[in-house]
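Have the model open beside you as you read.

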Amino acid sequence: MDKALQAVVDTHERTLKDEDLIDAAAGLKPSRGRDAFSLQQLLPRELADAAAEVTKELPTDPLTTSLVLLCGYSGLLKIGTRIHSNHRYSVPCNLFVALVGKSGQQKTPLMRALISDPASDIRRDARERFLREQETWKQACQGLPKSERPDPPRPFFPHLQDYTPESLAIQLELHEARGLGLLLIRDEIAGLLQSLEADSKRGRGTGEAQLLELFDGTGATSIRVGAEARQFERCHVSLYGNIQPAKLRQLINGDDCTGKFARFLFCELPGTIPRLCDHDPTAAEEQRFIDAQRVLASKAEWLYCQPPRQFKLSQEAKPL
């Protein structure tokens, strides 16, 4: 009798796991009606035309292109840029986006065209500024004993690919002092999510808790044995990454008790065939591509230079 009861329980547990996987898979299917969107509906005309040009040969659609581009731009905004649904509630104007696609679907070229390339000058300027500050510091320290030297400058990064929770807290402290946002980028975001899960299983959970709080733009105070205390009151963090469908199903597995996955906008790449160019580009085609890249870069620079702003949703824009 006990064996029969155990068999029933085992079958029930297997069924629940199968249902979890089915539910997770259903959540990954592209929503119906995506083809109703156009870039002209989602983006200003100049930006829409430029985004269409740089992704012409990539397997994307207007919804995917817009989400990737806007996620990249959102990480360039200043701390304090917020959206208000009413006078009592507001959220930072940031995005957590994960592009879902199988290997070989050109997720990385899409990220490069819409996120990395438009901000390349911003990243270069940040590095050059740090090198100048470092050289000035070295000159100021000449002839001074070590105990009297000022603190060395620290670099700040508009884009950040790899970090630990502790190092990210240091970086966000620097960014708050400058009022700058930050975009975390992972070409394979599964590695980040797996490290957060492993950290939680070890009993720490600092990485996952940090990610959950960063989404809301809140600050943090931390102390460590043998290290300086870290504190920042506000932050502006966006996150972008790529992930394969099978890996995402495995990670979700029907369970999101902390709301980690609920913070992400998961966008599955449409099943379209890349439109490869089978002829040598003309001078006019090359110029259109260069001009489009310049438009995306100029908009990135403009957003990066803007002061923090407050936006209020109209009644029509508020969720039902």
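## A pair within helix 6

Arg-129 and Glu-133 sit 4 residues apart in helix 6 (residues 120-141), about one turn of the helix. Helices here are DSSP runs of H or I with at least four residues, strands are runs of E with at least two, and both are numbered from the N terminus. An α-helix has 3.6 residues a turn, so residues three or four places apart point the same way.

The two side chains meet in a salt bridge, at 3.4 Å from N to O. The term stands for a side-chain nitrogen of Lys or Arg within 4 Å of a carboxyl oxygen of Asp or Glu. Arg-129 is partly exposed at 39% relative accessible area, and Glu-133 is partly exposed too, at 25%. Here buried means under 20% relative accessible area, exposed means over 50%, and partly exposed lies in between (1.4 Å probe, protein chains only).

## How the model was read

This is a predicted model, in which local features need pLDDT of at least 70 and side-chain atom pairs count only at pLDDT 80 or more, while totals for chains, interfaces and linings use all residues. Residues are numbered from 1 along each chain as its sequence is written, and side-chain values use heavy atoms, leaving out hydrogens and water.

## Bridges across the chain

Glu-133 has another partner: a salt bridge joins Glu-133 to Arg-178, with the closest N and O atoms 3.5 Å apart. Glu-133 belongs to helix 6 and Arg-178 to helix 7 (residues 165-178), so this pair ties together parts 45 residues apart in sequence. Arg-178 is partly exposed, with a relative accessible area of 29%.

Now look at Lys-260 and Glu-208, whose closest N and O atoms are 3.6 Å apart in a salt bridge. Lys-260 lies in the loop between helix 10 (245-252) and strand 9 (265-268), while Glu-208 is in helix 9 (residues 206-215), 52 residues away. Both partners are buried: Lys-260 has a relative accessible area of 10% and Glu-208 one of 9%.

Elsewhere, salt bridges with shared partners connect Asp-121, Arg-124, Asp-125 and Glu-128 in one network. The structure holds 12 salt bridges.

Which residues of helix 10 are buried? They are Pro-245, Leu-248, Leu-251 and Ile-252. These residues cover an arc of only 125° around the axis (taken from the directions from the helix axis to the C-beta atoms), which puts them on the same side of helix 10.

The face turned away from that buried side carries the exposed residues Ala-246 and Gln-250. After helix 10 comes Asn-253, with a positive phi near 50°.
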